[in-house]
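Keep the viewer open as you read.

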Amino acid sequence: MADIFDVIADGTRRDILRLLLDRESASDSGTSVSQIVSELGVSQPTVSKHLKVLRDAHLVSVREDGQHRYYSLSPEPLDEVDDWLVPFLTTEDDLESELPAALSDSAAHAAEAVGRAAASAKYAVTNAWRKLPGR
């Protein structure tokens, strides 16, 4: 299987993922290849090629109905990207610039630790919530 970062590095694949995400709430039955082609203005062979890569990376699921294929987003593999990205979202410099100057070094350190713990907890709860059935 290709590295998830290689898969999402391609702009057309990101466009397909975004389209599937946007259409997810509108249609529980999935989005057809012809709808993707129409929305993105990309040729059918190009869309099919990118959908195969997304399928192989388990980022989309497919439902067959006769000759037609309907695709839906499967965002779970993107958790790997989340896990890698989270440490970069808040840097120590960001935290220090947000702290009032009146805090002692020990209080500033404690505030930083609490802030990181809160951000980590929020991330864990958000991911758990997204993984619940029916979400």
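F5 counts as partly exposed, because its relative accessibility is 29% and the label covers values between the buried limit (under 20% relative accessible area) and the exposed one (over 50%), taken with a 1.4 Å probe and protein chains only. Before going further: this is a predicted model, in which local features need pLDDT of at least 70, side-chain atom pairs count only at pLDDT 80 or more, and totals for chains, interfaces and linings use all residues. Residues are numbered from 1 along each chain as its sequence is written, and side-chain values use heavy atoms, with hydrogens and water left out.

So what does F5 do with its ring? The structure holds one aromatic pair, where pairing asks for ring centres within 6.5 Å (Phe, Tyr and the six-membered ring of Trp), with planes under 30 degrees apart called stacked, over 60 edge-to-face and the rest tilted. F5 and W84 are edge-to-face, because their planes stand at 70° with the centres 5.5 Å apart. F5 sits in helix α1 (residues 4-9) and W84 in helix α5 (residues 79-89), so the pair ties together parts that are 79 residues apart in sequence.

Zoom out and you'll find seven helices and three strands, laid out along the sequence as α-α-β-α-α-β-β-α-α-α. These are DSSP runs numbered from the N terminus: helices are H or I with at least four residues, strands E with at least two.

Now look at helix α2 (residues 11-24) and helix α4 (residues 44-56), whose axes come within 10 Å and cross at roughly 80°. The axes are lines fitted to C-alpha atoms over the stretch in contact, with angles running from 0 to 180 degrees between N-to-C directions. That makes α2 roughly perpendicular to α4, a label for 65 to 115 degrees; under 35 is roughly parallel, over 145 roughly antiparallel and the rest oblique. On the α2 side the contact (heavy atoms within 4.5 Å) uses T12, R13, I16 and L17, and α4 brings V47, H50, L51, V53 and L54.

Next, the hairpin. Strands β2 (residues 60-65) and β3 (residues 68-73) pair antiparallel over six bridges, where pairing takes at least two bridges found by DSSP. V62 has Y71 of β3 as its bridge partner. Two residues separate the strands, and G66 in the turn has a positive phi of about 65°.
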